[in-house]
Amino acid sequence: MPDRRLEFHRGSERHLVEFLAEGQQCVVAGVHPKSRRPYTWDCLPSMDKLPVVDASQLDRLQEALRELMESRGYALKRAGRSAASPAGKVDQESLLAPSLELVREAVAAIINNYDRPKWIAICHGIKGSVGPKHEDVARELWHDLSGRWEDGHNDAEYVDDVFDSCRPPHRVGWCLLVREARAAGWKGYSAGDMFDADPLPARVEEAGEPRNAASAELSSRAAELSAKAPAFGCNRASDWARRAPEPTRWLIVDLLPRWRVALLYGDGGTGKTLLAQQLATAIAGGRTWLGMTPDFTGPVYALLGEDDYNQLGFRQARINEHLGISMEELDSFYFDSEDEVAQRPPLLAEQQKGRLQPTSVFEALSARLRELRPVLVILDPLAKLFAGEWQNQTQVYQFMALMSGLAKELDCTVLLLAHPSKSGMADGSGTFASVGWSNAARTRLYLVKDHANANARTLSSMKSNYAASGNALKLEWHEGVFRRVDEDTLKERSERLGRLAMGILKKALAAGERLSPSCQSAYPAPQRIAPTLEVRPKEAQAIIKDLLRQRQLVLRREGRSDVLALPDAPPAG
């Protein structure tokens, strides 16, 4: 068994973990020949109690170490073996799960909202976890996961074709499934179980030469390409005949796309942070933002580096009053204020040898965001995050690529707040420094004051890659918050649609129809009422949520599903 190495970095810190084997030895007493310092142990091991481990257990230990170090802000910079060890294949046994039952639990917990490359990587993960002798189980689990795709419908024949195309050797397995299931809230397995569990009895007789499992942290695209060469021309337009391209997913329709990076510009004192804090509250609390219903709600992280903790709390109280929400309902709104920024500058990227590199702060933030799985990430202000050359387009694109990678990995919207340059304010474009900032973002919003009315603002869509640009929202500052000038009209529309939806649902429920509040269920109420209301299903779903919040409707448990019911209706059956 060849030696194995893991090298971790955090800023200037460097730590090396090395596993020696095949005739190598480790001195456990005396003085180190280079540092001239004595070896030390937290506890002196007893030689007769040392465990005997095999290669697959060492691979699992390395994966557990990687997860532990990344959770503490370290990045894995190098993983490898001695020159004598081939680096092309992963030991297939190291990918196996402890049991089939755990694989079933993990796959059942995973939320399938993936794009195609990550979806295919999960297929490799399932097949790698169970091994070739349990391919029938892998196919069953793969169909189950694919049938739960949140953004559409997968054709069964196409799902089978993808499964058959994911051929060994696999580069991902049980560890990938554990990470994805944990992100969805699964608690059934931990890194500490690595040594306690026996692997599956099914082994890969034709397993390739070993390779460090920690280096299996390859991108899903690389996993897909490894199974079929060449590296170019890997997609065909005919694929769209079997699986249609996904429509653009929006956080706020026509303004903020999901899975992308957006910029919000505004001069000092215009209210960028207030507007962003209102957006965060709407997403985390399930409310409207400037009269618009978000397509997605959920956890939010905001780095609000220009206001202290008390000021943000004072502002939050006024936002809550405006939206009719309590502080207790904002348990999934996570933030850091100017107070935390002063103690730990949030520099995310800096120059090293002429190239922009992520800092240890970026690695620590990324690790925390992987735990939170936010729908929205707000970073304010950009000037405190970037230590490169503002006019250097290469460095600008490198920084924006970091942000874009974060948005794609977390499937969230990343919103960066910045101040425009004097020339940007003078010509009305709202830009600053290099045009690369605007070019690299998919959306750019610009908030400006009305010089004739100190309380008036205009929020303009200066750039949008996925919708018409040039749209402008007229806002006014009123009792500590921004509201649409036409918000009263929007409120009347919302109330009218709520009354209309309630009428349809009352009639349907009285007739015995089974309806769920989710767009993804087999009997979705949003699709049932959307045509009559002349709205999108996502907006219809938000209307139903409002009716539930107002207790005009309630949820009842039937089997494994939640269904809609009238408050005074008797239980079914």
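In this predicted model, the charged end of lysine 408 sits over the ring of tryptophan 259, 5.3 Å from the ring centre. Sitting over a ring here takes NZ of Lys or CZ of Arg within 6 Å of the ring centre and within 35 degrees of the ring normal. Lysine 127 does much the like with phenylalanine 163, lying over its face at 4.2 Å from the ring centre. Residues are numbered from 1 along each chain as its sequence is written. Local features need pLDDT of at least 70 and side-chain atom pairs 80 or more, while totals for chains, interfaces and linings use all residues, and side-chain values use heavy atoms, leaving out hydrogens and water.

As for ring-on-ring pairs, the whole structure holds 10 aromatic pairs (Phe, Tyr or Trp rings, the six-membered one for Trp, with centres within 6.5 Å; planes under 30 degrees apart are stacked, over 60 edge-to-face, the rest tilted). Phenylalanine 333 and phenylalanine 335 make a tilted one, with 5.9 Å between centres and 55° between planes. Phenylalanine 333 is buried at 11% relative accessible area, whereas phenylalanine 335 is partly exposed at 33% (buried is under 20%, exposed over 50%, partly exposed in between, with a 1.4 Å probe and protein chains only). Elsewhere, ring pairs tie Phe386, Trp390, Phe399 and Trp437 into a cluster.

On confidence, the protein chain has a mean pLDDT (the predictor's confidence in each residue, from 0 to 100) of 80, and 81% of its residues reach 70 or more. Residues 191-231 fall below 50. Where pLDDT is low, the predicted coordinates should not be read in detail.

Notes: Contact means heavy atoms within 4.5 Å.
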